[in-house]
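Trainee: I would like to learn how to read a model like this one, feature by feature. Where do we begin?

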Amino acid sequence: MKLTIEHLSKQYRRDFWGLRDFDLELGPGVTGLLGPNGAGKSTLMRMLATITQPTGGTIRWNDTDIARSPDTLRAVLGYLPQDFGVYPNLTGLEFLEYMAAIKGLDAKSARRRIDELLTVVNLVHAAKRPLGGYSGGMKQRVGIAQALLNDPQLLIVDEPTVGLDPEERVRFRNLLSDLSGERIIILSTHIVSDVEATATEIVVVNKGRKLQHAAPEKLLQMLENKVWQWLAPSEELSAIKQKHILSGTVRRNDGIQVRVVSDAAPTSTAQCVSPSLEDVYLSLVSRNGAGQ
Amino acid sequence: MNALRILYHMARADFLERTRRYSFLVMLGLVLWLGYLSASGQFRMRVPPDYLGVINSAWVGATMTITVTLLLGWVGFYLVKGSVSRDYETGVGQIMATTPLSRPLYTVGKWFSNFAVLGLMILILLGVGIAMNLLAGTAEFDLWALTAPLLFIALPCMAIVAAVAVLFETIAWLRGGLGNILYFFIFIFAMVASAEGMLSPAAADKSYSSFLDFAGWRLIGESVTHAAQMAYPESAGGFAFSITDLANPKMFVWNGIDWTAEVILPRFFFLLAAIGVALLAAVFFDRFNPSRVLPAKNRPTASNHPEPAPAPAVMPVSIPHLTPLTGPSDHFRFAALFVAELKLFLKGQRWWWYAIALGLIAAQLFSELEITRILLVVSWTWPILILGGLGSRETRHDTRQIVFSAPHPLLNQLPAAWLSAFTILALMGSVALVRFILAGDTLGLLGWITGVLFIPSLALASGVLTGSSRAFEVIYILWMYMLTQKVPQFDFIGMTPESTWYIYAPLAGVLLIAAAFARQRQLTNRRVSR
């Protein structure tokens with residue numbers, strides 16, 4: 001099971017690239033796709049989900065070019081788009097039955113799978129209510145369920161935790177971890193904690209290009225002995241921001257506790273602390289400039 | 001002053017948003033074409049049977065005005081309707097609702113923007129008229145004679161259309177397809193009222209109320225008739241607007257309407273009436289407050305009435321086991337998909353919808369064969385709002401990304417959707433089919449087969465191509481109306497012996513191919529995604 005992306009590009013206008021010369025090779029596991037708004041994450045996701053055609057480059061699923069043969073991938077694909085709608089007059093159950101039919105599941109498998117998925121996404125109680133009456137978080141859970149209907153080998157989820165309450169977010173993270181054994185999962189988000197909890201590999205994207213692709217441990221090693229924390233007077237905050245990559249602040253009654261990424265100790269009082277993925281992400285994106 | 005500024009910016013933003021849409025360009029093309037047909041004398045006013053005005057500035061201006069009020073008055077409504085709905089759908093309305101913007105200001109602003117769009121079209125039409133009049137050079141160019149009817153007749157008429165569009169959008173049950181259909185009949189009725197007494201010489205003595213003549217047909221018609229009768233005293237009068245060729249027309253000169261204050265002032269009444277309708281719309285406008293919308297019993301229609309989420313305390317955070325699927329999942333299971341599509345079509349209809357549908361089917365059994373044909377037209381018109389969703393549902397509900405990323409969307413979902421519409425129509429006309437077979441009515445049978453093939457194909461093609469149900473609703477209701485009027489060119493179901501069903505049967509195939517081609521493009525085109 002292998003997903004190979006080579007020199008992938010998407011040009012929207014003459015002077016605007018959504019994605020440019022992007023290479024990636026993925027095997028089973030959860031890959032977290034991190035990047036600021038407009039980095040090109042959704043563009044990449046839509047091309048992987050066969051919704052959008054690339055301008056250049058190739059995407060191969062087990063060595064089959066999906067631009068030439070999209071149905072090869074579609075048969076084993078589960079996709080949760082960032083923005084999607086539902087048919088308001090159908091109940092949650094009917095919508096999943098409809099999607100199961102579209103995905104080609106036989107009636108028996110579909111029924112069992114839908115029952116299990118409704119339990120997984122905690123919608124058993126609402127399964128027979130029209131979707132028009134669902135809250136945003138409930139619709140998002142229906143979206144998650146439809147993506148898992150065909151037991152996909154490639155699961156692409158774009159900002160899946162948007163609209164979910166904290167407990168549902170934890171459930172979803174656990175679900176992704178449970179599913180990650182023998183399938184490729186691509187999780188796109190700008191919420192670093194979601195990736196931190198589930199991803200076995202992380203890809204950082206900015207301005208349509210890949211900045212880094214590594215295991216979380218490797219990324220954390222990059223900032224070993226480079227993250228500093230100290231208590232500074234509030235009036236110095238602006239100067240600190242100018243000089244260093246600021247990754248966190250906590251206001252206290254005796255000043256402001258700042259956390260920065262820096263090759264050397266910024267002040268004599270600064271203490272070296274363990275890096276987090278948030279530090280790594282901010283460091284990579286800041287060095288590459290803001291998003292598009 | 002602040003209100004005027006708000007009004008200006010609201011109308012401006014709305015105007016720019018709409019004029020940058022593809023549909024506006026299509027409409028613009030249509031207006032240019034209509035302008036050409038009017039100015040070149042292919043659309044013609046005449047006094048029956050064959051009295052025709054010499055093409056001069058006044059004649060061109062009046063012909064264009066009649067064209068505008070007839071065609072733009074009808075289609076223009078569908079073109080401008082949608083700006084309030086867009087504010088609901090995009091969520092912009094909820095942002096607006098948090099500002100001091102008042103309800104009357106909002107509806108008048110929307111009216112003004114609708115009016116600006118339609119006014120721009122009249123301006124373009126005027127440009128075509130001027131160009132054509134100067135190029136043709138058959139008579140002396142008179143800018144006032146050309147402009148005045150457009151200014152005093154077409155423009156107030158468009159003001160009314162713009163206001164009615166706002167009114168329909170602020171009344172929840174008129175916002176969708178039902179409003180589109182209802183407007184068609186209201187428009188037909190209003191045009192008849194406007195021209196009352198003018199279309200037939202026998203009725204010419206009926207009293208004339210300039211306050212009913214919103215389309216100005218009677219105002220123009222009376223003046224034209226008078227000129228014809230001056231030139232040809234034997235003329236019986238009357239007024240017609242047609243595209244028919246006349247072999248030997250009897251020509252007369254018409255120099256236009258004498259625009260006295262008595263004539264002009266009633267025209268301003270329509271402008272005021274339009275503002276009145278826009279203000280009336282404010283009464284019905286809920287200011288994007290979902291709590292003012294009372295949902296139908298047992299039928300939640302929007303996400304603005306969300307069900308409460310379950311209490312977090314009872315939710316297990318651990319994940320139940322998911323059984324892996326064993327068999328391949330990419331089989332072509334057409335029957336299941338067909339049933340799912342059929343369910344999708346019929347879900348959300350109220351009990352009375354089914355009751356009327358059953359009543360229409362039953363009525364086909366007990367009526368005379370000629371009446372059965374009419375009942376068949378009505379039965380096939382009944383599911384118009386359902387058929388309108390064919391091909392456009394994925395865009396309307398934004399399910400494209402999940403539906404199109406399933407295997408073989410072109411070969412599976414599209415034919416299943418078409419077949420479900422076919423099935424609904426076949427059921428609606430089932431008794432008529434049996435009657436035609438038993439009576440040995442070959443024409444009825446051929447027309448029935450053509451109907452069940454052509455209607456879903458037309459719905460699918462217009463839905464896929466436009467991404468909206470509106471185009472189909474507008475075309476279909478006109479088409480079915482023409483069928484009841486037994487116009488042979490529109491007759492695809494064998495209403496008349498001159499039925500042209502043999503054109504529509506292959507056309508169904510062409511439409512299906514067009515729909516498949518367009519969907520294929522959508523599947524690979526970037527426009528599918530946001």
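The dialogue below takes up domains, a pocket, and some helices and residues.

Mentor: Keep in mind throughout that this is a predicted model.

Trainee: Into which domains is chain A divided?

Mentor: Chain A has domain 1, covering 3–220, and domain 2, covering 225–274. Taken over C-alpha atoms, the centres of domain 1 of chain A and domain 2 of chain A are 37 Å apart.

Trainee: Turning to pockets, how much space lies in the second largest pocket?

Mentor: The volume of the second largest pocket is about 290 Å³. Its lining has 16 residues, and those nearest the centre are Glu97(A), Ala101(A), Ala107(A), Ala110(A) and Ala336(B).

Trainee: Which helices each supply at least two residues of that lining?

Mentor: They are helix H3 (92–102) and helix H4 (107–120) of chain A, together with helix H11 (334–346) of chain B. H3(A) gives the largest share, 5 residues.

Trainee: Now a single residue. Why does Leu118(A) count as buried?

Mentor: The term rests on a cut-off: buried means under 20% relative accessible area. Leu118(A) counts as buried because its relative accessibility is 6%. This residue sits in helix H4 of chain A.

Trainee: Leaving aside neighbours within four places in sequence, which residues is Leu118(A) in contact with?

Mentor: With those neighbours set aside, Leu118(A) is in contact with Leu93(A), Leu96(A), Leu123(A), Val124(A) and Ala127(A). As for Leu19(A), 99 residues away along the chain, its C-alpha is separated from that of Leu118(A) by 36 Å.

Trainee: How should I read a helix and its buried positions?

Mentor: An α-helix has 3.6 residues a turn, so residues three or four places apart point the same way. Take helix H10 (residues 261–284) of chain B, with 24 residues. From first C-alpha to last, H10(B) reaches 35 Å, close to the 34 Å expected at 1.5 Å a residue.

Trainee: Which residues in H10(B) are buried?

Mentor: The buried residues of H10(B) are Val263(B), Ile264(B), Pro266(B), Arg267(B), Phe270(B), Ala274(B), Ala278(B), Ala281(B) and Ala282(B).

Conventions: Residues are numbered from 1 along each chain as its sequence is written. Chains are lettered from A and ligands numbered from 1 in the order in which they are written. This is a predicted model: local features need pLDDT of at least 70, side-chain atom pairs count only at pLDDT 80 or more; totals for chains, interfaces and linings use all residues. Side-chain values use heavy atoms; hydrogens and water are left out. Domain bounds come from an automatic or database domain assignment. On a 1 Å grid over the protein atoms alone, a cavity is a set of points where a 1.4 Å probe fits but cannot get out, and a pocket is an open set with protein on both sides within 12 Å along at least five of seven lines; lining residues have an atom within 4 Å of a point. Grid points are joined across faces, edges and corners, and a volume is the space filled by probe spheres set on the points. Helices (H or I, at least four residues) and strands (E, at least two) are DSSP runs, numbered from the N terminus. Buried means under 20% relative accessible area, exposed over 50%, partly exposed in between (1.4 Å probe, protein chains only). Contact means heavy atoms within 4.5 Å. The expected span of a helix is 1.5 Å times one less than its number of residues.
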